[in-house]
Structure formats: C-alpha cells, structure tokens
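Subject: Structure for you to look at, with notes on helix packing and salt bridges

Dear colleague,

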Amino acid sequence: MQELITTWAMAITTLTATLLLLLAIYTWPRGERRRCPGHRGWRTLWNPARWVRRSDCWQDLTGVPITPTDEIRCPECGRSTPIDRVLRDGRRIRLGLIGAVLAMLAIGSQIGVAAHSGRPLRSVPTLALVMLSNTAIGGHRTAVRQEVEQRVDDGTVAGFDARRLADVLVRDLRSDGRKWNANEAADALGRLWPDSKNALDRELVEGDVQSRKIAAVILRSRDQTGSRELFIASVDDLRDDGDASAGWLLQRNARAAGEYLINHYWEAPELIRAVLDSDDAQQCRLAMAICGFSGDTTVVERVVPVLIDSLRDNDIYGDARCAAPAVFNFGPPAIEYLRPFVDDPDRQLRETVRSIIERLEHPDRAWDECENRLPRITSTTHDPLALDFWTASGG
Ligand SMILES: [Zn+2]
C-alpha cells in the first residue's frame, strides 16, 4: 500500500512537472517591458511568495517618466529600476522554476528507487506500463515488458490493469516468428486468471491457429464452467497437430481437450458426434473414445464396431487400452454389438469382449471375481476397464 502511494505520488509529480514546463514554454512572457520587478537580490530567497511569483510589486509602469540615468522609479513601491530590468508583461507566476524543481525531485527519486531496487522502471505506475505495453516500446523483451512481467509474478497486477494487460498479452500467443514470447505470455495470462478470462475467450474466436490453441489450453486448465467457444476449440484440438509451432505448449493438447469434452459432453454432444467420421484419424479415434467414456448410447451402434477393431491383437501400442474402457463405459447397450465377437479367432479380441460383457451383466463382480479375465492389454493396471480417459489415452 505504501509502495502504491509512493509510486503514484512520483507519477503525479512527474506529470505535473512536465505540464508546468510545457505551460511555461507556451506562456513565455513576450509582452512589453512595463512591470515593476520589486525588490531584487538574495533576500528574495527568504520570501516564499517570491518562489512562486515573479515580482512582489508587479506595478504597471506605463507612462511613468524615465530618469536621466535610464531608470524608472515605481510610484507604488518606490524602488528605482534600470529600464532594461523592467519585467515583460505576461503571467505573474514562475511556472518554469516550479516545473524545474518538481522535475528534479521526480527524477531524483526515480533514480533513487531504480538504484535501490535494481529495476529501472520500479516507480512507474502499473497503469502507465500497461498502456505502454500496447506500443512498440513496451513489446516483448523490452524494459517495460520485463517490469510488467515482474509485477505479474509478484501478483500486484489486478483488476482494470490486469484486464488491459491480458488484451495485449493474448496477441503474443499468435504465431509471429519470435521465440518464447508466446510461452512467456501464456505464463503471465495464467497468473492473471481470472482477469485474463475475457481476453482469452475473445482470442478463441479472433486469434490465429496457434493463439486459439494456446488460449484453449489455458482456459481448459482454469475454467470450470466452460463455454461453447471453448467446446468448439476443444473438438478442433482433437486433431493431430504434430506440425504446429509452439508444440511444447501444446503437448498432450488433444488428451486434455478430450478430458474437457468428456466433462462437458452433454453441453453439446452433437459437436462431437459430428467428427465421428472426421478425415483426421486421431480426431476420429478420440471422438469415439469420448462418446464411449461419456456413455452416449445414441451412437453406440456406430462406435462400438469400430472400437472393437482396436481390441484385436495388433501392433498399435495402447489402442486396446483406450478402446476397452471406452466400450465398457457405454454400459449395457453395448452388449448386443459385442456378442458377435465372443468366438472371434483373435484371442485378445475374444477374451476382451467376453470380459466386458460379463462385467456389464454383473456389475457387482470385481475384476478378480469374474470368470472371464481381461487379457493383459496394459501393464500399468490390473483393471483397465476402470481407467479414466486421461490415463487410458496416455502414451
Ligand atoms: Zn514597484
């Protein structure tokens, strides 16, 4: 709090000094020489009124006769002034002097704070830095941005400042050829949550491919309520985006999207059903698993026969581990589509199907009480049917 007051006091001083100096230049006395300067000399320093006013007399000397020694005697205060020392008409206040003193105070304290903290912009108010962040001098890796990021790390940016800053940072998420700026922006946006929510929501719609994906990652990790835009973005994230830049930010992106879609499945199931026959193999496969884990029995007829193919003993690592619990989570409606395979020549498929049917028909039996045991489709658990989507789809 004290720091905030100091910061703002210094900012206001700087601003006032600048305004006074500009005003002093603008109103520089250019009029006729006709004002009495009053007393001159060192003694004026002891009179505070003279720090502000240019003269303690200011009598208009127009028409007063000039003495043979080229002096004018003021009829008001009685002092004699050489004709070239008479003051020009204009403002009566020493704006320039006041401005200069204030500027020296402000500059002095800025230097003091900067030297003391090792942060040259320490004393600049957050609002000013945030406004500058929107310009060229406040871009990525500038002193302005570094100071802003430091304050975000300290947790001192909130409210209006944070929302404006988030508006700037989301643009750094876009693909622009600069290294790491998206990473740092993503980091800061996470810290600014929940003030960054609106900016991220907007970027989901207005951003480029990269920034939409990163915004979705941040939103999914923070937002418990979700939105239709995030849902749509997550369906898109199921695609295989191995070639996307900023890949390190999007690791396990598709899995995280899938988990989000399962948690929010019933808000827009039609959007997931729509990609069940997608041209992207990964999106297709994950969408089917998501339907299964969500227990969407309206598509059981379409999905189970495809998933069953993954249960065969093949060389694709981990696909049975994901397909088995997905089929199982459809519940009893899946049984009629499993029956035709109970005597399949493929041993892994046959045993898995029998095991799933028994578990669905006898939900009271634990995995080790069943007659039909699941073959070892994964080494990580004894009961793969109980896996959740995140674990089941993990590599
Ligand atoms: Zn006078």
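This is a predicted model: local features need pLDDT of at least 70, side-chain atom pairs count only at pLDDT 80 or more; totals for chains, interfaces and linings use all residues.

Residues are numbered from 1 along each chain as its sequence is written, and side-chain values use heavy atoms, with hydrogens and water left out.

Helix packing

Two packed helices are described by the angle between their axes and the distance between the axes. Here the axes are lines fitted to C-alpha atoms, for helices over the stretch in contact, with angles that run from 0 to 180 degrees between N-to-C directions; helices (H or I, at least four residues) and strands (E, at least two) are DSSP runs, numbered from the N terminus.

Helix α4 (residues 126-133) and helix α5 (residues 143-154) have axes that come within 9 Å and cross at roughly 130 degrees. This makes α4 oblique to α5, given that angles under 35 degrees count as roughly parallel, over 145 as roughly antiparallel, 65 to 115 as roughly perpendicular and the rest as oblique. The crossing of α4 and α5 is left-handed, a term used if the near helix is turned anticlockwise from the far one by less than a right angle, with right-handed used if clockwise. On the α4 side, Thr126, Leu129, Leu132 and Ser133 are in contact with Val144, Arg145, Glu147, Val148 and Arg151 of α5, where contact means heavy atoms within 4.5 Å. The residues of this contact of α4 with α5 comprise four nonpolar, two polar and three charged; Ala, Val, Leu, Ile, Met, Phe, Trp, Tyr, Cys and Pro count as nonpolar, Asp, Glu, Lys and Arg as charged, and the others, Gly among them, as polar.

Helix α4 also packs with α6, at an angle of about 15 degrees and with the axes 9 Å apart, which makes α4 roughly parallel to α6. The crossing of α4 and α6 is left-handed, and the contact is made by Thr126, Leu127, Val130, Met131 and Ser133 of α4 together with Phe160, Asp161, Arg164, Leu165 and Val168 of α6. By class, the contact of α4 with α6 holds six nonpolar, two polar and two charged residues.

In α8, Ala199, Leu200, Asp201, Glu203 and Leu204 are buried, where buried means under 20% relative accessible area, exposed over 50%, and partly exposed in between (1.4 Å probe, protein chains only). These buried residues of α8 pack against α6, α7, α9 (209-222) and α10 (228-237).

Salt bridges

A search of the whole structure finds 29 salt bridges, each defined as a side-chain nitrogen of Lys or Arg within 4 Å of a carboxyl oxygen of Asp or Glu.

One of them joins the side chains of Arg163 and Asp195 (3.9 Å, N to O). Because Arg163 lies in helix α6 (residues 159-172) and Asp195 in the loop between α7 (181-192) and α8 (197-206), this pair ties together parts that are 32 residues apart in sequence. Arg163 counts as partly exposed at 35% relative accessibility, and Asp195 counts as partly exposed at 22%.

Another joins Arg273 and Asp296 through their side chains (2.7 Å, N to O). Arg273 lies in helix α12 (residues 269-273) and Asp296 in the loop between α13 (281-294) and α14 (300-310), so the pair ties together parts that are 23 residues apart in sequence. Arg273 is partly exposed, at 24% relative accessibility, whereas Asp296 is buried, with a relative accessible area of 0%.

Asp309 forms a salt bridge with Arg312, and their closest N and O atoms are 3.1 Å apart. Salt bridges that share partners also join Arg34, Arg35, Asp60 and Asp89 into one network.

Single residues

Asp344 is found in the loop between α16 (335-338) and α17 (347-361) and is buried, with a relative accessible area of 12%. Leaving out residues up to four places away in sequence, Asp344 touches Arg312, Leu349 and Arg350.

Pro82 has its place in strand β3 (residues 80-82) and counts as partly exposed, at 30% relative accessibility. With residues up to four places away in sequence not counted, Pro82 touches Asp70 and Glu71.
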